[in-house]
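Student: I'm new to this one. Can we walk through it together?

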Amino acid sequence: MIPTIKTFEEYQQQYSLSVQNPEAFWEEKASYFQWRKKWDKTLEWNFQEPNIKWFRGGKLNITENCLDRHLAERGDETALIWEPNDPEEHFRKFTYRELYNKVCQFANVLKNNGAKKGDRICIYMPMVPELAIAVLACARIGAIHSVVFGGFSAQSIADRIQDAQCSLVITSDGGFRGNKEVQLKTVIDDALVQCPSVKKVIVLTRSRTPIAMIKGRDVWWEDEIKKVETLGLNECKAEEMDAEDMLFILYTSGSTGKPKGVVHTCGGYMVYSAYTFQTTFQYNPGEVHFCTADIGWITGHSYIVYGPLLSGATSLMFEGVPTWPNSGRMWDIVQKYKVNILYTAPTAIRSLMSFGLEPIKGKDLNSLTKLGSVGEPINEEAWHWYDDNIGQKRCPITDTWWQTETGGIMIAPIAGVTPTKPGYATLPLPGIQPVLVDENGKEIVGNGVSGNLCIKFPWPGMLRTTYGDHERCRVNYFATYPGLYFTGDGCLRDQDGYYRITGRVDDVLNVSGHRIGTAEVENAINMYSDVVESAVVGYPHDVKGQGIYAFVICTPHLNDDELTRKDILMTVSRIIGPIAKPDKIQFVKGLPKTRSGKIMRRILRKIAEGDIANLGDTSTLLDPAVVDEIKAGALISV
Ligand code: PRX
């Protein structure tokens, strides 16, 4: 275990050290892990190309650090607890030894099915323990996992599989989320029509729904396990990886229509996910950590799987949703497993808040010691509700700001150490050097200022490239402000030097903590046969944080708006997935464009927000009359 930080003064000292000598700082952190060969050079970098290499020449396998390393000391302690969707179904627990055995077995299944080091493997699964096992089994054999969230459509999966040229897919017949059954295998079958690179599909039995099994391509997880058992293949030696070999790809939305495959590598990600887990949550051995994210997102990668297991912690994963079968479900889980650390998203807090205090009554939440928030800005009301009713004012709240690209938590209070302030992610973790810049990239110094949030020095968990397109990585993150990593977020640094993230400054939305590009949603809407053009913006939404508002021009002959709306929603669901469905669709005859043909989103945003009186200067528009028509038809909530 990396030593915890006990006092605020200690944090300040560590922070100074990390800035004065980052190499020495991270070398010391890296020394707590098991390396097959020590690195030759701690850091090599420039943000121009960019070229970032941490622990160059070091050899390791992350699963030896997640599993093997713990066997002697805590082999019989619980590594993973799984709470099923249906509270009537039996939960499952895995000790470190059991998880090690399962991972080795499945790693052998992967090998038997032709997978090898460097192959890309797509994982499209419900939140069952086998998802974590599949992730770790890939890492064990050096295959690069690309987990796709179970809510994405066939088209989205196909795009991701094609981009990474995956050769194998791991999925399940179906899955359960609340009162819904999700047809995962059918979606995969639809996706694979477009994916000739995929040679094998391994299918786990979960929902027992009837599915097609294609001869020569599809095999059952359980049958394959039996085969390796019969062959006595219960051990699987971990593949030796270079610190800078790819560990995984995770697709995320940007301001263009096409999601980017963010690449993380073995050594740096290992050190960073574990360090940030232990430091932010001040993890004490024996504590039960419950992160409510899905493993399909970065939060699940770093704080359900890798961070906790690297730390020898007990990680709880939950298959269902917080409001099913009733709105007390989360608190039942906390009580049932005596959860110590709860890490969830503001959108979940706001949704649970709306049920009042009744669902919490009689629930024993005394085991909780630390609370976390992630994914979007947390409003003060939700922060206080979380603090008063869930933490019962005993538990520090850590509002953690970070991104898929950062690999782990970047700006956050260290639980119980950094004084908190509602709505503020507070201060950078040691090793992280944030700067605010103005439009021209000039650093804004001092406190009581706002600007665009950049990071000026590398950290081990940062992305190395975007899969198959390094130039895209450079343009997206390193070209806007040369010499800096640009986060895409706006940020305020208050009088005390505390950071408050104010939201994206690019065309990326954050809906219920999910990142969605406006261009992606527009592309999907435009796929509907009768749509001529569309423009999508975000607007404040009480529960989701941001809602999606679409302005759509259709061909003139359509007259049933309600039906067209439903058709458009269905189209977006099919192209991206239900998470990208617009909350509001306003049919318009024209969009506000400049003379050069650029849509003035600023005006649409104001209209969507209901701030019609303050549209600002509209004189540069090609046809200012368009705005009056849009204003008149605006779908403003009461
Ligand atoms: O806008 C920021 C917001 O979520 C974005 C990153 O999204 P994603 O890559 O999907 O990762 C989410 C989980 C780490 C950021 O650019 N965001 C994330 N955490 C916070 C946040 N905004 C405000 N406060 C946070 N704590």
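Student: Which hand does the crossing of helix 3 and helix 5 have?
Tutor: The crossing of helix 3 and helix 5 is left-handed. A crossing counts as left-handed if the near helix is turned anticlockwise from the far one by less than a right angle, and as right-handed if clockwise. Helices here (H or I, at least four residues) and strands (E, at least two) are DSSP runs, numbered from the N terminus.

Student: Which residues make that contact?
Tutor: Helix 3 brings Ile62, Thr63 and Cys66, and helix 5 brings Leu136, Ala139 and Arg140. Two residues are in contact if their C-beta atoms, placed from the backbone, lie within 7 Å. By class, the contact of helix 3 with helix 5 has four nonpolar, one polar and one charged residues. Ala, Val, Leu, Ile, Met, Phe, Trp, Tyr, Cys and Pro count as nonpolar, Asp, Glu, Lys and Arg as charged, and the others, Gly among them, as polar.

Student: At what angle do helix 3 and helix 5 pack?
Tutor: Helix 3 (residues 62–74) and helix 5 (residues 129–141) pack at about 120°, with axes 8 Å apart. Axes are lines fitted to C-alpha atoms, for helices over the stretch in contact, and angles run from 0 to 180 degrees between N-to-C directions. Helix 3 and helix 5 are therefore oblique to each other. Angles under 35 degrees count as roughly parallel, over 145 as roughly antiparallel, 65 to 115 as roughly perpendicular and the rest as oblique.

Student: What should I know about the model itself?
Tutor: It is a predicted model: local features need pLDDT of at least 70, side-chain atom pairs count only at pLDDT 80 or more, and totals for chains, interfaces and linings use all residues. Residues are numbered from 1 along each chain as its sequence is written.

Student: Next pair. How do helix 6 and helix 7 cross?
Tutor: Their axes come within 8 Å and cross at roughly 55°, with helix 7 at residues 184–192. Helix 6 and helix 7 are therefore oblique to each other. Helix 6 passes helix 7 in a right-handed crossing.

Student: And which residues touch there?
Tutor: Ala154, Ile157, Ala158 and Ile161 come from helix 6, and Val187, Ile188, Asp190 and Ala191 from helix 7. The residues of that contact divide into seven nonpolar, no polar and one charged.

Student: What about helix 4 and helix 8, at what angle do they pack?
Tutor: Helix 4 (residues 96–112) and helix 8 (residues 221–230) pack at about 100°, with axes 9 Å apart. Helix 4 and helix 8 are therefore roughly perpendicular to each other. Gln105, Asn108, Val109 and Asn112 of helix 4 meet Glu224, Ile225, Lys227 and Val228 of helix 8. By class, the contact of helix 4 with helix 8 has three nonpolar, three polar and two charged residues.

Student: Let's zoom out. Into which domains is the chain divided?
Tutor: Domain 1 covers 8–491 and domain 2 covers 512–633. These bounds come from an automatic or database domain assignment. The C-alpha centres of domain 1 and domain 2 lie 33 Å apart.

Student: How many residues are in contact between them?
Tutor: 19 residues of domain 1 are in contact with 19 residues of domain 2. Helix 6 (154–164) and helix 12 (346–353) each supply at least two residues of the side of domain 1 that touches domain 2. The largest share of that side, four residues, comes from helix 12. By class, the side of domain 1 that touches domain 2 has three nonpolar, 14 polar and two charged residues.

Student: Which residues does UniProt list for "domain: AMP-binding enzyme C-terminal"?
Tutor: The unreviewed UniProt entry lists residues 520–598. UniProt positions are given in the numbering used here, feature names are shortened, and annotations may be inferred rather than shown by experiment. Over residues 520–598 the chain is 28% helix and 32% strand.
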